[in-house]
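Visitor: I have a model to read, and I am new to this. Can you take me through it feature by feature?

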Amino acid sequence: MMEPTGTDYLGADSVTDVARMLMALVSEVWIMRDRQIVTEYLLETKGAVTREELDEFVPSGDLAAQITAERERFARLVAGAPIAAVRRSVPEILERAGLEAPEAAN
């Protein structure tokens, strides 16, 4: 548990506003990450990509599963950030990142 600093810089209304801003930012970051994954896939498979192809592309199969796994990892990372300050062991950090800890780290 983090020690209190003794100073409350933000009131309840400001904290709510910051949470809304954070969620908007997280949404935008995810959209960019999703487009990056699709762009890399199209470049690897086709050698080139247009903005229209990227906008209209609907992933399926392994790529859809990869994007779902990446989205879940990203959500765990963001949602786990508040506990990152108090849970800092290697297995805990790997768990937050959606990775398995090697036996030696446990």
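**Reading the helix and its core**

Guide: Start with Val18, which counts as partly exposed because its relative accessibility is 39%. Buried means under 20% relative accessible area, exposed over 50%, and partly exposed in between (1.4 Å probe, protein chains only). This is a predicted model: local features need pLDDT of at least 70, side-chain atom pairs count only at pLDDT 80 or more, and totals for chains, interfaces and linings use all residues. Residues are numbered from 1 along each chain as its sequence is written, and side-chain values use heavy atoms, without hydrogens and water.

Visitor: Where is the place of Val18?

Guide: Val18 is in helix α1. Helices (H or I, at least four residues) and strands (E, at least two) are DSSP runs, numbered from the N terminus.

Visitor: How many Å should α1 span?

Guide: The expected span is 1.5 Å times one less than the number of residues. For the 35 residues of α1 that gives 51 Å, and its end C-alpha atoms are 51 Å apart, which agrees. Just after α1, Gly47 has a positive phi of about 85 degrees.

Visitor: Which residues make up the largest nonpolar core?

Guide: A nonpolar core is a set of buried Ala, Val, Leu, Ile, Met, Phe, Trp, Tyr and Cys residues joined through side-chain atoms within 4.5 Å. Here the largest has nine residues: Val26, Trp30, Ile37, Val38, Leu42, Leu54, Leu63, Ile67 and Phe74. α1 gives the most, with five residues.

Visitor: What do the buried residues of α1 pack against?

Guide: They pack against α2 (51–56) and α3. Contact means heavy atoms within 4.5 Å. Leaving aside neighbours within four places in sequence, Val38 is in contact with Leu54, Phe57 and Ile67.
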